[in-house]
Amino acid sequence: MASESKKTGTKAGDAGETRPLLLLAEYESAGDVYHAAEHVRDAGYEKWDVHTPFPVHGMDKAMGLKDSSVGWIVLVMGLTGCLTAFVLMWWTNGHDYPLVIGGKPGFSLPSMIPVMFELTVLLSAFGAVFGMLGINQLPKHWHPVFYSDRFDRCTDDRFFISIEAADPKFDLDETKSMLESTHPSHVELISEEVDE
Amino acid sequence: MGWRKPMEQLDEQYLVSEGTSLADVTEIVSKVTEQKAPRLWWILFGISTAVTGILGLTIAYLLWTGIGIWGNNSPVAWAWDITNFVWWIGIGHAGTLISAVLYLFRQYWRTAINRFSEAMTIFAVICALMFPTIHAGRPWFLYFSLPIPNQMNMWPNFKSPLLWDVFAVSTYFTVSLLFWYVGLVPDFATLRDRATNKIRKWAYGFVALGWRGSNRHWSNYERAYLILAALSTPLVLSVHSVVSFDFATSVEPGWHTTIFPPYFVAGAVFSGFAMVMTLLIIARTVYGMHDLIRIRHLELMNKIMLTTGSLVGYAYAMEFFIAWYSGNPYERFVFINRAMGDYWWAYWSMITCNVISPQFFWFKKLRTNIPFMFVISIVINVGMWFERFVIIVTSLHHDYLPSAWGNFSPTVFDVLTYCGSLGLFFTAFLLFLRWFPMIAIAEVKMVMPQADPHLGHHGHDDHDEDEDAMTAEPAMAEE
């Protein structure tokens, strides 16, 4: 069932020499891509990825990924927010220009809790979103997978595995037959033209 | 597969109609932004932009003349403007509750309505923020509330709940916007990949940030989403608590009560769910989303309204009881005055709309009747507006010394500003329906039976197993 087609990424056609960028295998169900991912993981590839329209449960394990490190960024940002709020309020109301309002002391911890909490949350949220984008190296509007026309369905109902040619284990024929043994519905080679 | 039996016994249903494929979900949601807008959309959009225009003129006049054009005057210095502020911010809370709290509790049915309600949160908070801004009279001095070094060498008073409010509401707006946007990124990528013309491809491509569904990305994405949900949950509780501190920390009878924070939060969720319901029924009918937004979703929302409505009813009763039990004559007077004084009609409208009307949802027949729940959802929002009006105006108009008593009546500009804010809200919402994926495509797919990688181990050869899949896998809604 695994059909096969070669295709150049660039539109120029077969004028010049081409260099492979990655192999892209397409699957029709989450289960297929899950088992294929286990297979690629066990084959020892490093520079490869699974592309799915939604996060597939357990895929991190099937790919052998480490736990996400976003949480650590959030922790650091959250503590920074909390501390910033504390220092800000202590400096402004308690030290630099204490105002006596309602007979309350300039520096008073209970009244500082709400703002400390809000700034903790605000900076943590920045940490979560921008930390996530940073680790993922997004925004990045170009990637070899986008050369494939079939890849448009990756955000619809198809599942893909891509193995980059930069992977040390990558061998055009061997990797391709390995991918074909995982029951894909299509395997595609994406290459770019080499200027000479 | 053993899960199927308990599901039947529990009378559980799937979250999307049986036989809906992944591609159907993409199609149903995306086509709304791709096809021409229905005529009804244009009619509603025309009305709401016209109303927004009136709002713009009203605000221009207000800034030119001063807030004396409103009915606010001593002793009722806070009136419709603050009522509207609290009302709008409360409406926003349901969005965060649905997107964050229900996420943490693994209530998968939320996927059909979370995008929607998060959008509602953003627009409601924009409307809410408008009111204190223009109430300040000279909005160009709003930077006074921020700790910016200035020539007067003065700092804001961080012991004031009004300043806490500035921090709480602006944090809330920012975090809600981030949460919403993060959820939208994969769906923008879907629209980008379906785009047939260049402008759509560029525009959606730009906001999709080059999303390519990579699992290495999903892994961090899901963690970030979980953390945002965990941050938003205490945040949403804190925001309305801080709003209630504006009242509760004063020494005004009727305001100075410890029940305010939880009571305000319950009321906020109550009114927000009602607003989501109103919008949801309209959009579901106009765009035919029956496969994704099912009666079951609406019924669950009605149950939440019944719960929060009863909580609010309990708070009203408890306020009265404590007013009597405190032995404080001013407190007692304010509450008797609420129910039987000049504004008795507002108080009893509030009781009818908020306490009595949700009680109909005890009956399954009424809970699943769409026209009925539509009417009730509007009634609840009217009631929740009256609640804020009652709290603010009745406490202020007769407090301690009878010589300082007064009455409040709104002017035409109060009405225009309030109605105008509704216009602004609906304009933003209609634009959202037109150009954004109104249902979280990726999240809905995630809870469908096809999303389970361990589904159907009957070999890799039969791929057209959609129907089989449907019966084999529980996309369990709860538990």
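Modeller: Let us begin with B:Glu299, which is found in helix H10 (residues 295–325) of chain B. The model is a predicted one.

Biologist: Is B:Glu299 buried or exposed?

Modeller: The cut-off for buried is under 20% relative accessible area. B:Glu299 has a relative accessible area of 10%, so B:Glu299 is buried.

Biologist: Which residues does B:Glu299 touch, not counting residues up to four places away in sequence?

Modeller: B:Glu299 touches B:Lys364, B:Arg367 and B:Thr368. With B:Arg367 there is a side-chain polar contact of 3.0 Å.

Biologist: What caps the N-terminal end of H8(B)?

Modeller: The cap is B:Ser214, with a side-chain oxygen 3.1 Å from the backbone nitrogen of B:Arg216.

Biologist: How is the size of an interface expressed?

Modeller: The size is often given as the accessible area lost when the parts come together. Between chain A and chain B the buried area is about 6,100 Å², and carbon and sulfur atoms give 65% of that. In chain A, the residues that lose the most area to chain B are A:Pro55, A:Glu118 and A:Thr155, together 11% of what that side buries. In terms of contacts, 74 residues of chain A meet 59 residues of chain B.

Biologist: How many salt bridges and polar contacts are counted between chain A and chain B?

Modeller: The count is one salt bridge, formed by B:Arg223 and A:Asp67 with the closest N and O atoms 2.8 Å apart. The rule also finds 30 residue pairs in polar contact across this interface, both residues being at pLDDT 80 or more. On the side of chain A that touches chain B, the largest share comes from H4(A), with 17 residues. That side divides into 42 nonpolar, 19 polar and 13 charged residues.

Biologist: Where is A:Cys154 placed, and which residues beyond four places in sequence are in contact with it?

Modeller: A:Cys154 is in the loop between H4 and strand S4 (159–164) of chain A. Its relative accessibility is 1%, so A:Cys154 counts as buried. Contacts of A:Cys154 within chain A include A:His51, A:Thr52, A:Pro53 and A:Phe160, and B:Arg212 is also in contact with A:Cys154.

Biologist: How many salt bridges are found over all chains?

Modeller: The search of the whole structure finds 17. One pairs A:Arg19 with A:Glu192, the closest N and O atoms being 2.2 Å apart. A:Arg19 lies in strand S2 and A:Glu192 in strand S5 of chain A, so the pair ties together parts 173 residues apart in sequence. A:Arg19 counts as partly exposed at 43% relative accessibility, and A:Glu192 counts as partly exposed at 21%.

Biologist: What of B:Arg194 and B:Glu34?

Modeller: Their side chains meet in a salt bridge of 2.9 Å, N to O. B:Arg194 lies in helix H6 and B:Glu34 in helix H2 of chain B, so this pair ties together parts 160 residues apart in sequence.

Definitions and conventions. Residues numbered from 1 in each chain as written. Chains lettered and ligands numbered in written order. Predicted model: local features only at pLDDT ≥ 70, side-chain atom pairs only at ≥ 80, totals over all residues. Heavy atoms only, no water. Contact = heavy atoms within 4.5 Å. Buried area = accessible area lost by both parts, 1.4 Å probe. Salt bridge = Lys/Arg side-chain N within 4 Å of Asp/Glu carboxyl O. Polar contact = N/O pair within 3.5 Å; in protein donor to acceptor, adjacent residues only side chain to side chain. Helix = DSSP H or I, 4+ residues; strand = E, 2+ residues; numbered from the N terminus. Nonpolar A, V, L, I, M, F, W, Y, C, P; charged D, E, K, R; others polar. Buried < 20%, exposed > 50% of the residue type's maximum accessible area, 1.4 Å probe, protein only.
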